[in-house]
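Student: I'm new to this one and would like a close look at a single part. Could you walk me through it slowly?

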Amino acid sequence: MRTSRRTIAAALAGVATIALVTTGCATGGGESSGGTTTLTLATFNDFGYTDELLAEFTAETGIEVVHNKAATSNDARANYFQKLGKSGLADVEAVEIDWFTEAMQYADLLAPVPDDLKGRWLDWKEASATDADGNLIAYGTDIGPQGICYRGDLFAAAGLPTDRTEVAALFDGDWDNFFTIGADYTAKTGKPFIDSANSVLQGIVNQLEFAYEEPDGAIIATENPDIEAAYKAVVEKAVPIAAYAGQWSEDWFASMASGEFAAMLCPGWMLGVISGNAPDITGWDIADAFPGGGGNWGGSYLTVPANGANVEAAQKLADWLTSPETQLKAFTNAGTFPSQVEALASSELAAATNEYFNNAPTGEILTSRAEAITVATFKGPKYFQFHDALQNAVTRVFDGLEDETTSWNTWVTEVSAF
Amino acid sequence: MSTASPKPVRVLSFSQKVGRWDLKFSPYLYISPFFVMFAIVGLFPIGYTAFISFMDWDLVRNSGTFVGFDQYIWILQQPHFWTALRNTFSIFLISTVPQLLLAVFIAAMLDRNIRAKTFWRMGVLLPFVIAPVAVGLIFNVVFADNFGLVNGVLTDLGLTPIPWHKDPFWSHVAIATMVNYRWTGYNTLILLAAMQAVNREYYEAATVDGAGLFRQFTAITLPSLRPTLIFVIITATIGGLQIFDEPRVFDQFGRGGAGQQWLTITLYLYDIGWGQWNFGRAAAMAWILFIIILAIGLLNLFITRSLVRDEGRRGDRVGRRTRKEVAR
């Protein structure tokens with residue numbers, strides 16, 4: 001047979017493809033090379049872990065760190081569960097609170113946090129990362145204490161106070177107080193008061209002790225009177241004063257940029273979202289108040305997969321990254337509000353201000369908001385599904401697809417099948 | 001043993017044996033690469049999906065408990081599943097019908113003697129090379145409810161804005177528009193190829209007989225296009241039943257809307273698998289989709305056959321040649 005050049009090329013291509021496929025499955029990271037250990041760290045969005053910060057760790061310990069950043073938390077989630085318990089995860093993996101409960105189901109596959117670190121984080125932050133056997137399985141990074149962001153100029157036009165202490169006093173009260181103020185504003189101006197109805201639902205549900213599931217696995221979603229009350233309140237009082245049903249839509253961003261609504265529920269990380277998407281709007285400010293007490297929205301953890309190659313070194317890295325000192329640096333880098341008790345008491349945090357928000361003392365306000373948080377909602381493994389379906393129920397009412405009762409019943413039927 | 005009829009024992013040398021093996025087995029060896037690859041990348045995943053569909057599967061621990069047909073029953077009992085089925089067919093109809101009409105029209109235009117032929121022909125294919133997700137992002141700006149391009153124009157004209165993300169029908173129209181944007185050009189080129197294969201003498205004869213352009217189109221072009229159209233319809237059906245990217249990027253959540261207005265079957269499958277990590281149900285869903293596509297494929301085959309027979313009776317040589325073109 002005459003072997004033409006093309007045949008050789010084809011054969012080479014075939015071999016190369018097979019080589020690619022097989023090596024693609026090989027595990028990465030955790031290799032020791034030349035005596036120094038190299039660790040891999042996987043995060044998403046922006047944790048504030050800059051190359052300079054990681055270089056400090058290398059200088060201290062001699063351990064090299066390779067940082068892999070996923071674009072979104074959803075990508076990180078897919079990657080995490082596809083590889084957990086098998087191989088291919090980084091030595092230290094970041095987990096977002098939204099899917100943290102799913103990860104808690106596999107607590108036995110994660111290396112626990114050493115006992116001497118207990119007490120570093122806020123009680124409720126530690127409590128939600130503790131498994132049934134009392135092991136703390138994740139290192140807390142940031143939290144999302146919520147205040148109320150408001151537009152001083154729009155408030156003035158509607159005859160409401162504009163000074164942030166006066167506004168805080170105005171909102172000091174329960175959710176009904178908040179809805180009344182919103183209804184007055186909408187009646188006076190004919191404009192929406194808050195950005196979205198579902199952010200209110202999020203705010204209320206994050207103040208409940210139990211939402212849809214109980215720690216023993218019992219499902220209480222449809223019988224929980226608190227949930228029904230939250231739904232009723234949102235549908236009857238938040239929908240009429242909200243600009244949109246949910247956040248993050250094309251319209252929602254456009255509306256933020258054009259300054260359509262006057263107030264938002266504001267976790268620390270939302271400040272960056274507002275200033276980033278509405279650079280031309282002036283008048284945003286933040287008040288040290290939240291309806292019905294404190295509320296947390298969001299925040300992340302670091303975990304160490306137990307079957308990694310360098311578990312001990314990885315624990316050292318996670319320990320170092322979540323230490324109060326490092327977290328404060330991360331806060332300066334990316335605005336991730338610390339969950340460590342010591343960091344919360346630091347003067348550096350207290351001195352932080354935000355120019356876009358009328359030079360508000362954001363460090364001080366958010367610290368006060370973090371102290372007001374008393375409850376960490378128990379979120380079972382199906383929390384995301386239940387909550388998403390309930391948000392859809394609110395959206396259906398908002399869009400006029402179904403009325404209040406029908407939409408609730410649809411939700412009940414839907415979640416009964418889970 | 002000793003009583004058995006004495007049959008002379010043939011002793012084969014080793015090289016003879018090898019020669020026999022060569023004759024017997026090497027043909028199988030030569031064709032085996034395809035079958036080995038097909039077993040690995042084709043049959044195994046299908047079989048493994050069937051296996052998982054009978055289990056309550058834990059992806060992380062890679063284990064499950066056998067539950068029989070429970071997952072299939074669960075899927076068929078979900079109202080979401082039937083809504084998804086309705087949406088899939090609705091989007092398929094709203095996209096395919098106008099798309100093919102438009103494709104035939106554009107192909108007929110391009111088939112005529114126009115200037116810069118290649119430019120126009122490449123031009124119609126241009127949207128096809130844009131990634132569907134990019135198309136989705138562009139059209140999201142067009143179809144936003146309050147700040148969208150279309151609704152902006154409608155409000156300026158004093159008309160009521162269209163509830164793109166609320167009403168099922170309008171959401172299907174919006175998604176179908178994205179599909180049409182991408183696929184019209186592709187189908188145009190296939191139909192154009194078929195039109196070019198039509199013998200020009202027919203048109204000359206028709207012109208001599210005094211037939212107008214429209215008459216020529218309906219009496220010559222369309223009948224010759226029939227087999228090509230069948231091919232295009234079949235590929236469009238398969239693509240339509242698997243529609244995913246466009247509805248996925250239609251809103252910020254990608255789960256088909258609050259009232260499942262634009263939830264399609266593949267979107268639902270993805271949500272069960274990668275949103276809820278329930279691979280048992282997702283696998284059952286995949287098999288149900290497989291069976292649906294198979295059923296519609298058979299229906300298509302049946303219709304195609306009867307149409308082709310019909311054509312044979314009319315002795316349409318042109319059509320057959322076009323069919324060959326397409327088969328290539």
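Student: Which residues in α11(A) meet which residues in α12(A)?

Tutor: Happy to go through that, and keep in mind that we're looking at a predicted model. On the α11(A) side you'll find A:W252, A:F253, A:M256 and A:A257, and on the α12(A) side they meet A:V273, A:I274 and A:N277. Sort the residues of this contact by type and you get six nonpolar, one polar and no charged.

Now for how the two helices sit. In chain A, helix α11 covers residues 250-258 and helix α12 covers residues 268-277. Their axes are 8 Å apart, and the helices pack at an angle of about 70 degrees. Angles from 65 to 115 degrees count as roughly perpendicular, so α11(A) is roughly perpendicular to α12(A).

An α-helix has 3.6 residues a turn, so residues three or four places apart point the same way.

Finally, a strand residue: A:N296 lies in strand β10 of chain A, which spans residues 296-303. A:N296 counts as buried because its relative accessibility is 11%, and the cut-off for buried is under 20%. Its side chain reaches the backbone nitrogen of A:G144 at 2.7 Å. Beyond its neighbours within four places in sequence, A:N296 is also in contact with residues including A:W124, A:P145, A:N206 and A:I373.

Definitions and conventions
Residues numbered from 1 in each chain as written. Chains lettered and ligands numbered in written order. Predicted model: local features only at pLDDT ≥ 70, side-chain atom pairs only at ≥ 80, totals over all residues. Heavy atoms only, no water. Helix = DSSP H or I, 4+ residues; strand = E, 2+ residues; numbered from the N terminus. Buried < 20%, exposed > 50% of the residue type's maximum accessible area, 1.4 Å probe, protein only. Polar contact = N/O pair within 3.5 Å; in protein donor to acceptor, adjacent residues only side chain to side chain. Contact = heavy atoms within 4.5 Å. Axes fitted to C-alpha atoms, helices over the stretch in contact; angles between N-to-C directions. Parallel < 35°, antiparallel > 145°, perpendicular 65-115°, else oblique. Nonpolar A, V, L, I, M, F, W, Y, C, P; charged D, E, K, R; others polar.
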